[in-house]
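Please read these notes beside the model. They cover domains, helix packing and backbone geometry.

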Amino acid sequence: MLESVPFTTEEEAVRAAERLGYPVVLKTTDATLRHRLDLGGVRLGIEDEAALRRDIALMRRTLRPYGEVGLEVQAMGTPGQNCVIRATEDPLLGPVVSFGMAGDAVNLLEDWAHRVPPLTQRDVRLMVRAPRASRKLFGYEGLPVVAVSLLEELLARVAQLKDAHPQIARLELNPVMLSADDLTVLGARVDLGNPQRRTDSARRTMTR
């Protein structure tokens, strides 16, 4: 993951950006707004101190209707396609892993792929290709083809982790940024729960 540094004052933000190295990303720490470019919760590609100070002031004004929200500076990843990987605990199915393209595809259109671990390599390959918006990963309308093999490996590892650890109530990697030869997790959240809630163990088996 790329390092994020929360701050209170502009001076703290400037020191953090100088240590991380420009360009940087400015975002809110609010769980609902931190991935919402459309609501002003993220500013990308900030090139210098003057731009950072200007964007901090703008973001604080924009987010004022949402109350007091924290801000943070993060190192800028390689530009690419953004994805979401989510793992949850369903009361009937047990562990469920979900994949989609970040942004409107999942936020508005619910364009997800869902699978119940354990997953085979074929399961993972099909899962990555299932959402309609996933065509953006494979050169849709001239877009660069990204490192899908790295995404498949990460998705398989998340499925294994969730299957083996029922105490993980929810895990979300958002966004996962993919470029032609790299993968970077820009945000992660893990919520713990009661492992005794899983009651499906006798029903799930690996099929090939």
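At roughly what angle do the axes of helix α4 and helix α5 cross?

1. Helix α4 (residues 121–129) and helix α5 (residues 148–164) have axes that come within 10 Å and cross at roughly 115°. Axes here are lines fitted to C-alpha atoms, for helices over the stretch in contact; angles run from 0 to 180 degrees between N-to-C directions. Helices (H or I, at least four residues) and strands (E, at least two) are DSSP runs, numbered from the N terminus. The crossing of α4 past α5 is right-handed.

2. A note on the basis. This is a predicted model: local features need pLDDT of at least 70, side-chain atom pairs count only at pLDDT 80 or more, and totals for chains, interfaces and linings use all residues. Residues are numbered from 1 along each chain as its sequence is written, and side-chain values use heavy atoms, with hydrogens and water left out.

3. The α4 side of the contact is Val124, Arg125, Met127, Val128 and Arg129. They meet Val148, Leu151, Glu152, Leu155 and Ala156 of α5. Contact means heavy atoms within 4.5 Å. By class, this contact has 7 nonpolar, no polar and 3 charged residues. Ala, Val, Leu, Ile, Met, Phe, Trp, Tyr, Cys and Pro count as nonpolar, Asp, Glu, Lys and Arg as charged, and the others, Gly among them, as polar.

4. Now α1 (residues 10–20) and α2 (residues 49–63). Their axes come within 10 Å and cross at roughly 135°. The two helices are therefore oblique to each other. Angles under 35 degrees count as roughly parallel, over 145 as roughly antiparallel, 65 to 115 as roughly perpendicular and the rest as oblique. α1 passes α2 in a right-handed crossing. From α1, Glu10, Glu11, Ala13, Val14, Ala17 and Glu18 take part; from α2, Glu49, Leu52, Arg53, Ile56 and Arg60. The classes are 5 nonpolar, no polar and 6 charged residues.

5. The domain assignment gives domain 1 (4–75) and domain 2 (81–206). Their centres, over C-alpha atoms, are 27 Å apart. In contact are 5 residues of domain 1 and 5 residues of domain 2.

6. Which backbone features deserve a check? Most residues other than glycine have a negative phi, and most peptide bonds are trans. Tyrosine 22 and proline 23 are joined by a cis peptide bond, omega about 0°. Proline 23 sits in the loop between α1 and β2 (24–28). The bond from asparagine 174 to proline 175 is also cis, with omega near -5°. Proline 175 is in strand β8 (residues 168–178). Glutamate 110, not a glycine, has a positive phi of about 55°. Glutamate 110 lies in the loop between α3 (104–107) and β7 (112–115).

Notes:
A crossing is left-handed if the near helix is turned anticlockwise from the far one by less than a right angle, and right-handed if clockwise. Domain bounds come from an automatic or database domain assignment.
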